[in-house]
Every structure is written in structure tokens, then in C-alpha cells.
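Please examine the sequence and the structure shown below before reading on.

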Amino acid sequence: MSDILKNGEKWFDTEGNVLHAHGGYILFQDGVYYWYGENRLNNIYVSCYASTDLVHWEFRNHILTTDSAVQGTRVRADLSLKNEKGGKVNLERPKVIYNKKTKKYVLWIHYENGINYHCAAAAVATCDTPDGDFVYHGSFRPYGYMSRDCTLFQDEDGSAYFISAARENADIHIYKLQEDYLNIARLVNRLWQGEYREAPAVMKKDGVYYMMTSFCTGWAPNQGKYAYADSMEGEWSMLYKIGDKTTYNSQPAFILPITGQTETQYLYVGDRWGGEAYHESSYIFLPLKNHQKGELSLEWYPEIEMDAAKGSITGKE
Ligand code: DGJ
């Protein structure tokens with residue numbers, strides 16, 4: 001395999017199996033990129049793959065399944081990993097960050113009961129290793145607010161934020177997490193009221209925070225937008241368009257900074273959803289460009305050449 005990825009095509013792990021890590025997140029830890037994402041096959045909720053070059057992905061583990069160990073923490077939560085009909089619940093958009101103080105890998109995810117879409121809750125799980133069997137700590141609504149599409153953002157000083165769509169997706173909430181990342185400390189911001197943004201993805205460059213989101217149209221892609229702020233808790237800009245009117249047929253999953261020997265570039269990872277044919281969903285990787293404060297742009301390339309060591313992401317026609 002070359003180091004070229006073909007956007008929107010089926011990607012395979014190093015064993016030749018289709019890579020299922022939808023709505024996911026990449027954590028860079030000790031020289032390894034861990035890609036976590038949804039895998040709705042059989043009893044699986046979240047799968048984890050590992051890579052050092054961002055192109056060749058080794059399957060590591062199904063880190064969260066219907067059979068995962070369950071343990072309540074001090075958060076009063078619903079601990080069930082199956083619904084009242086005995087079926088799977090719906091766990092979407094898993095994100096994992098590492099807590100240096102507790103030495104735990106902490107996963108946050110959107111929870112629905114698999115029967116309807118009314119739970120609108122957040123769920124938490126932890127593990128001592130990045131790709132081990134995560135222990136599920138249950139789902140709850142932050143301060144009682146609805147919480148659907150979500151992401152995590154870990155700042156340079158170790159502060160972490162859980163960001164999710166609230167009020168039937170009308171608004172985006174930013175919550176600061178407690179020091180151990182297991183619960184919410186404060187609701188620090190409520191953004192873009194009534195704009196119905198979802199699929200939040202955050203990056204920080206030169207001290208400025210950028211958030212990409214999509215509009216709410218189910219599995220169908222729509223115009224991506226971004227905004228920026230000098231602080232997570234401060235005033236965010238208005239929403240500005242980015243990419244084309246379908247975000248190149250994708251919805252944001254996350255943004256990964258890739259710091260190599262020579263440069264840092266920002267990788268946009270989008271889900272190209274298969275809709276009803278969920279397991280036909282694929283991914284697109286594109287370089288996000290930022291030349292001046294407040295400006296973010298995304299161009300389409302059918303192929304991407306990755307050089308993680310250098311930190312370069314090159315679009316190819
Ligand atoms: C859009 C969300 O962003 C996805 O995570 C998923 O929940 C779909 N809606 C389901 O329609």
C-alpha cells in the first residue's frame with residue numbers, strides 16, 4: 001500500500017477487513033495514532049485501530065460492546081448497555097482523551113436507547129490503556145440538558161471540554177470537564193442559538209479556537225460552517241461557510257493536528273455516511289488551511305498523500 005488515501009473509497013485495516021471507525025476521533029499517544037469510532041456490527045459499539053503513519057491501520061480491539069464491564073461512578077447514570085427490549089442501544093460519535101493525573105483513557109459518547117432518539121444523553125467509559133476493554137460508567141444528561149452530537153477538546157493546560165448539541169439540536173453547549181474528566185464541572189458557553197448545528201469538531205492554532213459543525217439533516221450532508229474564538233469560554237464569532245454546499249459529501253468527525261519534524265498541519269476527517277447502508281459509510285481526509293486569524297478553508301482532493309513524520313498532508317488531483 002502506498003501512503004496515498006483515496007477519499008470516499010472503502011478503507012481496510014492491515015488484516016484486510018473494512019475499517020469501521022465512524023463518527024470517530026484520533027488520539028495521538030506515545031508516538032501512536034489511535035483511531036476510535038462507531039462499529040455497529042454484531043455486539044460492537046466502538047472499535048479501535050492504531051497507526052504510526054495515519055495510512056496503515058492495525059485493528060486493536062472492540063473497546064466497547066454490549067458485554068463491556070459496567071461500573072457506576074459518582075455520576076448518577078443509566079448503566080444499561082442494552083435497551084428494555086434486550087436490543088442494542090445506540091452509541092454515537094465516540095471521543096477519547098488521556099488524563100495525565102488519573103492515568104486513565106476517558107471516552108465520551110452520545111447515547112440513545114436504540115428504540116427512539118429521545119434520550120439525548122452523554123455517556124462515559126474509561127480504561128487504563130488506549131486500546132483495552134473500556135469500563136462503561138453509564139449515561140446521563142448534563143445538568144438535565146439534552147445532549148446529542150458531541151466532541152471532546154483537550155487544551156494545552158490539560159483542561160478538557162465536552163461539546164454537544166442541546167435543546168433538540170438547536171444550540172451547541174460547551175461544558176468544561178472536572179479534573180478527572182469523568183463529570184462536567186461547568187456549562188461555560190451556549191452557542192449559535194437556534195442555528196441547529198451538529199457534528200462539532202474543534203482545533204486550536206496560534207491560541208485561537210476553531211469549531212467546525214454541520215447543519216442537521218440526518219445522514220444527508222450539508223454546508224459545513226466554522227467559527228472561532230480567543231477562548232472556549234469567551235465570545236465566539238458568527239458562523240462562516242467552509243467547503244462546498246455538501247462539505248464535499250461529508251459531515252465533520254474530528255480535526256487532528258499532525259505535528260511532524262518540519263510542520264504542523266490540521267487534518268479534517270469527515271464521515272461520508274452510507275445512510276441506511278450504514279456499513280458502506282466511508283471517510284474523507286482533507287488538509288484544513290488557516291492563513292490568518294479567523295480564516296479556515298477546505299478544498300476538495302480525491303486523493304491525499306500523508307507524511308505523518310514530516311507533518312504534511314498533501315492533496316492530489
Ligand atoms: C447526524 C449525526 O451527526 C450522526 O451522528 C447521526 O446521528 C445521524 N444524524 C443519524 O441520522
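The paragraphs below describe the overall fold, the aromatic pairs and a few individual residues.

The structure is a predicted model, in which local features need pLDDT of at least 70 and side-chain atom pairs count only at pLDDT 80 or more, while totals for chains, interfaces and linings use all residues. Residues are numbered from 1 along each chain as its sequence is written, and side-chain values use heavy atoms, with hydrogens and water left out.

The protein chain has zero helices and 23 strands; helices (H or I, at least four residues) and strands (E, at least two) are DSSP runs, numbered from the N terminus. Its radius of gyration is 18 Å, close to the 20 Å that the globule rule gives for 317 residues, so the chain is as compact as a globular protein of that length. This radius is taken over C-alpha atoms, and the globule rule is 2.2 Å times the number of residues to the power 0.38. Along the principal axes, the C-alpha atoms fill a box of roughly 50 × 45 × 40 Å.

Of the 317 residues, 57% count as buried. Buried means under 20% relative accessible area, exposed over 50%, and partly exposed in between (1.4 Å probe, protein chains only). The accessible surface of the protein chain is about 13200 Å², and 46% of this area belongs to carbon and sulfur atoms; the areas come from the Shrake-Rupley method with a 1.4 Å probe, and for residues only the protein chains shown count as cover. Among contacts (heavy atoms within 4.5 Å) between residues at least 6 apart in sequence, 49% join residues at least 24 apart.

The aromatic residues come next. Rings of Phe, Tyr and Trp (its six-membered ring) pair if their centres lie within 6.5 Å; planes under 30 degrees apart count as stacked, over 60 as edge-to-face and the rest as tilted. By this rule there are 23 aromatic pairs. One of them is the tilted pair of Trp-11 and Tyr-283, with 5.6 Å from centre to centre and 40° between the planes. Trp-11 lies in the loop between strand 1 (4–6) and strand 2 (22–29), and Tyr-283 in strand 20 (residues 282–289), so the pair ties together parts that are 272 residues apart in sequence. Both Trp-11 and Tyr-283 are buried.

Trp-35 and Trp-57 form an edge-to-face pair, 5.1 Å centre to centre with 70° between the planes. Trp-35 belongs to strand 3 (residues 32–38), and Trp-57 to the loop between strand 4 (44–51) and strand 5 (58–65), 22 residues apart. Trp-35 is buried at 0% relative accessibility, and Trp-57 is buried at 1%. Ring pairs link Trp-11, Trp-35, Trp-57, Tyr-283 and Phe-285 into a cluster.

Two residues stand out by their backbone angles. Most residues other than glycine have a negative phi. Asn-42, however, has a positive phi of about 45° although it is not a glycine. Asn-42 is placed in the loop between strand 3 and strand 4 and counts as exposed, at 66% relative accessibility. Tyr-181, also not a glycine, has a positive phi of about 65°. Tyr-181 lies in the loop between strand 12 (171–177) and strand 13 (184–191), and at 4% relative accessibility Tyr-181 counts as buried.

Finally, Glu-198 is found in strand 14 (residues 197–205) and counts as buried at 9% relative accessibility. Not counting residues up to four places away in sequence, the residues that Glu-198 touches include Asp-149, Asn-169, Cys-216 and Gln-251.
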